[in-house]
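Welcome! Here are a few exercises to work through with the structure open beside you. Try each task before you read its solution.

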Amino acid sequence: MSAPRWLDPLLGNLGDVASEIEQRGGAVAALQRVRNPRRASVLILFDGDPTASGATPPEDATVLLTQRASAMRQHAGQVAFPGGARDPEDADDVAVALREAWEETGLDPDSVEVVAELDPIEVPVSGFRVVPVIGFAARPSEVRAVDPAETALVRRVPLAELIDPAHRFMVRKSFYRGPAFAVGPMLVWGFTGGLVNALIGAAGWERPWDTDDVRPLTDEVRAAAARAQTWQESAR
C-alpha cells in the first residue's frame, strides 16, 4: 500500500525539511563542509493506523529510533534513526537504510513501504553525507537491539511524545545550539534532533513550544541517564 493520508502533509513538503536542516547547529556549523564524505543512509520508519484520514498523526503513530551503547567509541549513548555507511554491495541508498535497520533492530525489510527519499545531508562531525529514507509499515515487524554491544535500546517512539511541547527544548554545548526532545529514556538531539524537528515542522504537526528554553547538554544527558535507569527498573 502507499503511505497513509496523515503522512501527506509531510511528503508534500519535503523541501522545507532540507532547508531547515541546513540551518541546524548555528552559524559555525553552517560554515563547515565535509571533505570527501562517505555515503550513508538512515531509515525514518513511521507506523500507525493506515486508514486514518486526518492531517495529524493518529494516536498510535510512532517512529523508530535506536540508542547507541554507552561503550561505543563514537557517539556513545546517542539516539539515532537506524542507519549507517554504504557498503560496496549495496544497490542504492534505500538498500543501505533497510540493511542497516535489519542489522541493528531485526526489522523485516519486507514490512517497509518506502515512500520518499530526501536529498543528501552533510554531517561534518561524522564525515558522512546522509540520505534520509522515509518508510511506512502498515504491519510493523518485531524489533529489538540485535547487538547490545552496539545498540542499547530500540524503541518505537510515539509521535505524540515528540510533538508534545512539554518534551521539547533547546540544548547547547560550546558553539552548538539545537532542538532536543526528552522522550521516555531517550534524549534526542544533534543531527537526529534537527531532523525530527524539521520533519515535525514540515508536516505542520508542530505545536508552540518554548524555543527560549536552552539547557546545557551535559545536564540533559545526565537526566536522560536517570530516566533510562528508572525505565529499566520498571521493565523488570
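**Exercise 1.** How many of the 10 residues of strand 1 (residues 38–47) are buried?

*Solution.* Start with the ground rules. This is a predicted model, in which local features need pLDDT of at least 70 and side-chain atom pairs count only at pLDDT 80 or more, while totals for chains, interfaces and linings use all residues. Residues are numbered from 1 along each chain as its sequence is written, and side-chain values use heavy atoms, with hydrogens and water left out.

Next, the terms. Buried means under 20% relative accessible area, exposed over 50%, and partly exposed in between (1.4 Å probe, protein chains only). Helices (H or I, at least four residues) and strands (E, at least two) are DSSP runs, numbered from the N terminus.

Now the count: eight of the 10 residues are buried, so strand 1 is largely enclosed by the rest of the structure.

**Exercise 2.** Find the strands that pair with strand 1, given that two strands pair if DSSP finds at least two bridges between them.

*Solution.* Begin with strand 7 (residues 128–137), which runs parallel to strand 1 over 10 bridges; here Leu-43 stands opposite Val-133. Move on to strand 4 (residues 83–85), which pairs with strand 1 in the antiparallel sense over three bridges, with Ala-85 as the bridge partner of Ala-40. Finish with strand 2 (residues 62–68), antiparallel to strand 1 over two bridges, where Asp-47 has Thr-62 as its bridge partner.

**Exercise 3.** Describe how the ring of Trp-6 is arranged with the rings of Phe-136 and Trp-205.

*Solution.* Rings of Phe, Tyr and Trp (its six-membered ring) pair if their centres lie within 6.5 Å; planes under 30 degrees apart count as stacked, over 60 as edge-to-face and the rest as tilted. The structure holds four aromatic pairs. In one of them, the centres of Trp-6 and Phe-136 are 6.0 Å apart with planes at 80°, so this pair is edge-to-face. Trp-6 lies in the segment before helix 1 (8–11) and Phe-136 in strand 7, 130 residues apart.

For Trp-6 and Trp-205, the centres are 6.4 Å apart and the planes at 45°, so that pair is tilted. Trp-205 sits in the loop between helix 6 and strand 12, 199 residues from Trp-6. Both Trp-6 and Trp-205 are buried, and Phe-136 is buried at a relative accessible area of 1%.

Key: Two strands pair if DSSP finds at least two bridges between them.
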